[in-house]
Every structure is written in C-alpha cells, then in structure tokens.
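Colleague: Hi! Could you walk me through this one when you have a minute?

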Amino acid sequence: MIPPMNPDALHTLRTIFGYGEFRGHQGAIIEQVLGGGDALVLMPTGGGKSLCYQIPALLRPGTGIVISPLIALMQDQVDALLQLGVKAALLNSSLDAYTATQVEQRLLRGELDLLYVAPERLMTPRFLQLLERINVALFAIDEAHCVSQWGHDFRAEYLQLSVLHERFPQVPRIALTATADAPTRSEIVERLGLKEAQQFVSSFDRPNIRYHIVQKANARKQLLAFLEAEHRGDAGIIYCLSRKRVDETAQWLTEQGWNALPYHAGLESAVRHTHQQRFLREEGVIIVATVAFGMGIDKPNVRFVAHLDLPKSMEGYYQETGRGGRDGLPANAWMTYGLGDVIMLRQMVDGSEANEQRKHLEKQKLDALLGFCETTLCRRQVLLNYFGEATTAACGNCDNCLSPVQTWNGTVAAQMALSCVYRTGQRFGVGHLIDVLLAKTTESAQRCGHDKLSIFGIGKEFSQTQWSSIYRQLVAAGMLTVDMAGHGGLRLTSDSRPLLRGEQTIALRKDPAPRSKKSSATTTASVKNKYQFDSPEDQALWQALKNKRMELAREQGVPPYVIFHDATLLEMLEQRPARLSQFATIPGIGKQKLEHYGAKFLEVLAEYA
Ligand code: ADP
Ligand code: ZN
C-alpha cells in the first residue's frame, strides 16, 4: 500500500517550487528520506531528481549537504534555489578564501538549508570536523555513478564517501544517478555502502525526445536542412568526432548565418569558458563540440542534439542525446550516419591497443550501436531494451515509427557483394568493389585484372548508392570486417559463410532517398517547433516575455532559465493571466517568484491583452 503523501512535502512542492503534484517516484523517495532512511535513486536526466533531496532538506532540521562533482553546475543550482527563496550556498575551488569562510560561518550558524560541496572539499578532515558541529539534515550524493571505475566519469574522491556513513550513521543518505546500467548500480551500492538503502528505479525513457537517424549523403547539407526546417532560433548541440571537424563545422555554420560556437579540449580554457557561458546565458546558441562538452551542462531548453559522427556506444548516444529536452518540451535527437562511419569505427576497435577482453567488449558495444542505427524497429524500444528495460509498444515518436522502413530480400545482392570481396582477394575498399560490380574499367581494376573476373559488372541492376547501402549494412552486421592496416580493405568473416552457401537469407533496409531541402520541412518526422506560433500577436508576445526574462537575468547575472523555464513562459502565453492570483497557478511559479516577477510579467501580458 502506498502511504498517504506527507502533507508538508506537498505543501513545500506547491508553495516553494510552484508545482502541483509529485512526479513518478518523487513522493515515495521524499517520504523515505524524511523518515531517516537511505535511498538510491535512478532516474533519467530531466526526471526531477533534485526535488528528491531538496524537499527533505527543507523539511528536516539542519542543513542538507549535496555532494556534486560538477562545479559548473553547482552555481546554477544554487542560483535557481535562491530564486525560489531557499537558503542555499556552495563550497568549491571556485571560491576565494574569504567567501569560503563566510559560507562556513553561515553553515555553523545554521543559516543554510542546502550546501553544495565538491567531494574533495567535503573529505578534508577540517570540513568533516565542521560537519560534526552542525545538524546535518541529509547527505545527497549526486552523480553517484562517479564511483564506478569502469565509467568515464570516475572520481577517486567518490570512493571515500563511504566514510560518511561511518561518521554520521544517523544521517540519511540519498544517492542519485541517471546512469542506466545494472553493473554500475551494483557498484554504487557496493562502494557507497548502500545495501540497506531503498532503491527507486524509474523508466529511462525520455518520451519527449524524438530519435531520427538519416543516411549520410551530404552531411552538411542535411544538417542545414534539418536546422532550417525545425530549429530556427533554437539552442542545440552538434557533436563531431574530431577537433578539426568541430572548428570547420562551427565556422561553416557561422558563415551560413547561424549562431554557432566551437567547443573542444584543444581550445584555450578561457575560450571554452566563454563559449559555454554564452550557450547557457544567451538564447539560441548552437554549440559544435567533441564529447568533451556536456558533462555538467544543465541547460533545460536544449531543443536538439545532432550527431555528425557516430558516438562510440549506446551509452554515449543515450547520454549525449539526453542533454536535449530536460524541460520536458519536445526535442530532437538527430544523427547522420553512413558507410564511412561504420568502416572507421570498425577499424578503430580492431586496431586498438587494448587487451583482448577489452577489445571484445568494445566490439560488442559497437555492434549494439550499429544494430541500433540499422534497425527497422522502433528506435526507442531498441534503446530501452539495450538498457534492460522491457517495452511493449512502439513509441510513435521516432523516425521508424513515424515513417516505417521498408525492407527487401537482399540475399542475392549480399551474395554478390560478398563474392566480389572474395574474388578480388579480400583487400580492396568499397569504392573499388562497387566499381567492379558496376563494370567501371578503372585503372586499378585493369591493373589487377579485375575486369576479367566473372563478377565484373554483375551488379548493374543497383546504383552506386544502393551498393554503398548494401556494403554498409553488411559491415554493420559483422559479415565483413575492415583490414587493420588502415587501407579500408574489406575481408569476409565467418559470419558470412551461411549466406554465401545459401543457408541463410538477409533482409536489408531500404534507405529512404535523401530528402530535398524543401520537402524535409514537411517531413512527418518533424517536431512542430514549439516556439513558432500561428498568430503574429502570439509570436510578438512570446518575444516580449523572453525579452523580459533576459532583462531580469542580466540584472542578476544568472541564466534566463533560472528566472523561468520556457514551459512556464509558454503557459503564460497560453493562459494569459491578468491578475496575480491567476499568475500564481502557473506551474513553476512559487511564492517568491510570484512576489518578485508577478507584476513585471503581468505588465508585459497586459500590453498584449
Ligand atoms: P534531473 O536532475 O533529474 O535531470 P531536474 O531535477 O533538473 O532533473 O528536473 C527536471 C525538470 O523537471 C526541472 O525543470 C524541474 O523543475 C521539473 N520538475 C521536477 N519535478 C517536477 C514536478 N513534480 N512537477 C513539475 N515539474 C517538475
Ligand atoms: Zn518508435
């Protein structure tokens, strides 16, 4: 039986945060922590993890201590809490000694509801002694997957957090993460000593994210068509594999009139910082980045995440695309992918220096990702399945659901493609192989005598593009591997034998023809841009509301979403409140925001009434 919701918790949710109801497990988690118990919370990005410790910290006596590795994020979180009238502060290496001492004084005087601390600061003997002198309401361990030595976010200091339990056995702990896999979860339990903790596992689905993957034809053109059709004026992230491609893409987008900035580890740290700040504080900035960008980015209104190159694994893809749509409004995860990407990634894994066990693991991860790219099934189902979550219905919000992919019996074509590899000696790249299939008498075909082979010209019923799609799918399916020497030559694997012997058939996906710029605007797979309104008055009011928000944000030196989320502004536009009492009912408006901003926004609304 579900216990009745704690009335104080609900009251706090409504008056301080301005939300009507708890979402998912939030209520139960808060109940557990309020009662003094430990909790392990697994919730996807945007699921609403922060309330799970913020509300108990407000309701329990003393200060809630939040441990977070993300210094950049702490400031935002504290700013957001201050806007709500919550007494919050932070302690990390970004503070000067004087400010840090002041924060400590406030902590000792019991003036803080919440204190965000970097783990290395927390674990100093001095700070631990300080904690013994105060009332600790709870310990929240954010990004708890940082204890995992296998993950890329590993932090050695996180391993020491188990001492909290030993030194403060009576203080409840709540560990939170958006990392979905089971091995990481058991590592968290193990290393943080959370065996007794109640686990709250939410679905990892991000229903507002629409997944689409397009076959690479001309990546830049495709990207531009996508942006023009769906994301004029939106903030988004574009991921590329190399620094060079980041720079080139950002520059090219800028030349095309887009507000794009590069971000990668090769840029000076001051430049990186400026670009990140502009992304956070201005509206409609596009960041073109390597995977170096994203950890600790908590901007709620990222409307799209685009991949010009493949991520390394499903985990990477999920994490990177997950940075879109944290506010729950529609967002696009868009990727362009082609034969070249498959070949390159296969080569990278085969040629890596890692030991056999590691290599095997990397291969499996890559296979899963390539399978996801090639699937004709609902992408969300494949994604969630990979993370061990069973789903029953197709989602209706991915490319494959919105425009189902045709398949065709590719057995004979695949046999031709594979024979061509075999007959030419298993050392040529796709370009040459397709030339042979299409009977193009190139110099190298003649030199190698390939124009004399029986397979020369047997593939004329298909076009160059179709052959390229067939080869891509065979490489993705693991029937062909790429040679290690780096020339991109293809070899048969043992998996290709049954097909060559005629013991197996293969269904291939019919890649949709690349859309022209014009028609892509009307594709069924397009998210209606939330910020494009039918009437010019609405459009003008929207702009006016955003301008007011920006003005207030600038005055206080905070990002605009700390004042109000887009969803709250959209509600204002929809509901057109005329009085403060009406304004107060809009989600995201608590007591303090009503007091500080109510009249200012009503004024803007009145101008457009
Ligand atoms: P996470 O840390 O899990 O990524 P956040 O705590 O930042 O997620 O919350 C994501 C968004 O959901 C925020 O905009 C937050 O204000 C909103 N939110 C959280 N809980 C609720 C709720 N009960 N009702 C409405 N909005 C909520
Ligand atoms: Zn789907």
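Modeller: Happy to; here is a chat about the two ligands. This is a predicted model, where local features need pLDDT of at least 70, side-chain atom pairs count only at pLDDT 80 or more, and totals for chains, interfaces and linings use all residues. Residues are numbered from 1 along each chain as its sequence is written, chains are lettered from A and ligands numbered from 1 in the order in which they are written, and side-chain values use heavy atoms, with hydrogens and water left out.

Colleague: How far is a polar side-chain atom of Ser50 from an oxygen atom of ligand 1?

Modeller: That distance is 2.3 Å. For Tyr19, a polar side-chain atom lies 2.5 Å from a ligand 1 oxygen, a polar contact being a pair of N or O atoms within 3.5 Å; within protein, one must be able to donate a hydrogen and the other to accept it, and residues adjacent in sequence count only if both atoms are side-chain atoms.

Colleague: Switching to the zinc ion (ligand 2): which are its protein donors?

Modeller: The SG atoms of Cys378, Cys395, Cys398 and Cys401, at 2.3 to 2.4 Å (donors are N, O and S atoms within 2.8 Å of the metal, 3.2 Å for Na, K and Ca).

Colleague: And how are those donor residues spaced in sequence?

Modeller: As C-x16-C-x2-C-x2-C.

Colleague: Is Cys398 buried or exposed?

Modeller: Buried, at 0% relative accessibility, and Cys378 is buried too, at 5% (buried means under 20% relative accessible area, exposed over 50%, partly exposed in between, with a 1.4 Å probe and protein chains only).
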